Amino acid sequence: MRKLLIVFPILFVCCFSCSSKEENDLIPGTKLTGDPIADALVLAVLTNPPCFFLTTANANTPILLGEGQTSICSNQLVNGTVQVQKSGTYEVSGSSGRQTLSSSNCNSTRFDYHVFLKDGNTDLYSTGSGQTLTLSLEVGKSYSIQSTGLVDPSGYQCQGRPVSSSITPFRINLRKL
């Protein structure tokens, strides 16, 4: 699925590239090159902002949420904190992560794991819903990011053999409106 999200925009730009007259000011501040592959890479970077990668090493450091968009990703079962710097309305969207357990001569098993944005014990957002929500967040308040659903591959075997685990990270996007 993730490959399709990357390949489709590249194929789209390659198939329907613009003429040089149409490229002027197509994206303000971005000069398209005329080369379909280079243009696709530029557009891919602009449409998919960088992600703050949450790990066990930085889980105790709060993620500051200000103007613009903040994206948080992780492929670990780790909790983090988001601190709001400016009260207001935020658009929240995201995608669940996926864990695949596999072993030779066995069918792979896939698990989706989800991330929650919480205010205390109240769930404000879950990637399991697949929706984009608009939330009012308050300055100075801390909101928790909690992931759930990853499994320990050492607890699984296939025909007596250990399994390997590959993990696609979750992503949660918060954008100040």
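The model is predicted: local features need pLDDT of at least 70, side-chain atom pairs count only at pLDDT 80 or more, and totals for chains, interfaces and linings use all residues. Residues are numbered from 1 along each chain as its sequence is written, and side-chain values use heavy atoms, with hydrogens and water left out. A search of the whole structure finds five salt bridges. A search of the whole structure also finds two disulfides. The largest nonpolar core has 22 residues.

**Terms for exposure and elements**

- Buried means under 20% relative accessible area, exposed means over 50%, and partly exposed lies in between (1.4 Å probe, protein chains only).
- Helices (H or I, at least four residues) and strands (E, at least two) are DSSP runs, numbered from the N terminus.

**Nonpolar core**

- A nonpolar core is a set of buried Ala, Val, Leu, Ile, Met, Phe, Trp, Tyr and Cys residues joined through side-chain atoms within 4.5 Å.
- In the largest core, the residues with the most contacts inside it are Ile72, Leu117, Leu137, Ile145 and Ile172.
- Seven strands are listed as giving two or more residues to this core: S2 (63–65), S4 (80–84), S5 (88–95), S7 (109–119), S9 (133–137), S10 (142–148) and S14 (170–176).
- Contact means heavy atoms within 4.5 Å.
- Not counting residues up to four places away in sequence, Ile145 touches Leu54, Ile72, Val78, Asn79, Gly80, Val82, Val115, Phe116, Leu117, Phe170 and Ile172.
- In soluble globular proteins, nonpolar side chains tend to be buried together.

- Two strands pair if DSSP finds at least two bridges between them.
- S1 and S3 (residues 69–74) run parallel and are joined by two bridges.
- Phe52 has Ile72 in S3 as its bridge partner.
- Ile72 is also among the core residues with the most contacts inside the core.

**Thr127**

- Thr127 sits in the loop between strand S8 (122–126) and S9.
- Thr127 is buried, at 4% relative accessible area.
- Its side chain makes a polar contact with the side chain of Ser96 (3.3 Å).
- A polar contact is a pair of N or O atoms within 3.5 Å; within protein, one must be able to donate a hydrogen and the other to accept it, and residues adjacent in sequence count only if both atoms are side-chain atoms.
- Leaving aside neighbours within four places in sequence, Thr127 is in contact with Gly94, Ser95, Ser96, His114, Val115 and Arg171.

**Salt bridges**

- A salt bridge is a side-chain nitrogen of Lys or Arg within 4 Å of a carboxyl oxygen of Asp or Glu.
- Glu91 pairs with Arg175 in a salt bridge, with the closest N and O atoms 3.1 Å apart.
- This pair links distant parts of the chain: Glu91 is in strand S5 and Arg175 in strand S14, 84 residues apart.
- Glu91 is partly exposed at 26%, and Arg175 is partly exposed at 33%.
- Arg98 and Asp112 also form a salt bridge, with the closest N and O atoms 3.1 Å apart.
- Arg98 lies in strand S6 (residues 97–102) and Asp112 in strand S7, so the pair ties together parts that are 14 residues apart in sequence.
- Arg98 is partly exposed at 38%, and Asp112 is partly exposed at 41%.
- Asp123 meets Lys118 in a salt bridge (3.3 Å, N to O).
- Asp123 is partly exposed at 44%, whereas Lys118 counts as buried at 16%.

**Disulfides**

- A disulfide is a pair of cysteine sulfur atoms within 2.5 Å.
- With bonded cysteines counted along the chain, the pattern is 1-2, 3-4.
- Cys51 is joined to Cys73 (S to S 1.8 Å).
- Cys51 lies in the loop between helix H3 (36–47) and S1 and Cys73 in strand S3, so the pair ties together parts that are 22 residues apart in sequence.
- The link of Cys51 and Cys73 is right-handed, with 80° about the S-S bond.
- Cys51 is partly exposed at 25%, whereas Cys73 is buried at 5%.
- Cys106 and Cys158 form a disulfide with sulfur atoms 1.5 Å apart.
- Cys106 lies in the loop between S6 and S7 and Cys158 in strand S11 (residues 157–158), so the pair ties together parts that are 52 residues apart in sequence.
- The torsion about the S-S bond of Cys106 and Cys158 is about -100°, so this disulfide is left-handed.
- Cys106 and Cys158 are both buried.
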